[in-house]
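The tour below moves from one selection to the next.

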Amino acid sequence: MASLNVGNLGEYLREQRRNAQLSLRQLADAAGVSNPYLSQIERGLRKPSAEVLQQVAKALRISAETLYVRAGILDEREREELETRAVILADPSINERQKSVLLQIYDSFRRENGFEPGPESGVAAGSETGDEPGADTGADTGADGSGADTPSPPSKPSKPSTPEKPSH
């Protein structure tokens with residue numbers, strides 16, 4: 001069987017498997033694929049589907065997007081964009097409305113720099129008004145669907161003005 005052009009996916013998988021100290025059989029079991037099939041992938045004889053790569057990545061505890069790039073399924077820039085979005089969406093320190101606004105700003109900067117928002121940018125759909133980044137883009141409706149009555153964070157009250165005492 002001739003070797004397929006799947007970049008260095010097989011070598012990379014073998015290296016990751018060895019780093020994880022897993023045998024071929026252990027990884028195949030953990031990923032839910034057959035041992036011979038995984039062996040053929042590592043030798044470059046088979047091109048796995050995105051689903052199989054996702055299962056293998058999960059079993060190895062590595063990024064599926066990295067495997068997609070190595071297999072030629074995903075472009076490197078797309079991977080970086082997806083990872084950026086994933087980090088924003090996974091941040092527990094900001095709420096859903098803030099995540100939505102942050103992703104809209106990110107998309108705005110990407111458009112400004114000549115990149116189209118990726119397929120995962122459903123958050124900014126309908127906000128292409130040409131507004132400047134940071135302008136009010138109608139983001140009062142949170143991604144959680146709570147509507148425009150989502151309260152804004154309270155502003156700091158200003159200090160009450162007290163007459164200054166003259167210094168002597």
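Is Gln 21 buried or exposed? Select it: Gln 21 is exposed, with a relative accessible area of 70%. Buried here means under 20% relative accessible area, exposed over 50% and partly exposed in between, with a 1.4 Å probe and protein chains only.

The model is predicted, so local features need pLDDT of at least 70 and side-chain atom pairs count only at pLDDT 80 or more, while totals for chains, interfaces and linings use all residues. Residues are numbered from 1 along each chain as its sequence is written, and side-chain values use heavy atoms, with hydrogens and water left out.

Stay on Gln 21, in the loop between H1 and H2. Helices (H or I, at least four residues) and strands (E, at least two) are DSSP runs, numbered from the N terminus. Gln 21 has a positive phi of about 55° although it is not a glycine. Most residues other than glycine have a negative phi.

Next, select helix H1, residues 9–19. Its buried residues are Leu 9, Gly 10, Tyr 12, Leu 13, Gln 16 and Arg 17. They lie on the same side of H1 because they cover an arc of only 160° around the axis, taken from the directions from the helix axis to the C-beta atoms. Turn to the other side of H1 for the exposed Glu 11, Arg 18 and Asn 19.

Now show what covers the buried residues of H1: this includes H2 (24–31), H3 (35–42), H4 (50–60) and H5 (64–71). Contact means heavy atoms within 4.5 Å.

Finish at Arg 61, in the loop between H4 and H5. Phi of Arg 61 is positive, near 60°, in a residue other than glycine. Arg 61 is exposed, with a relative accessible area of 78%.
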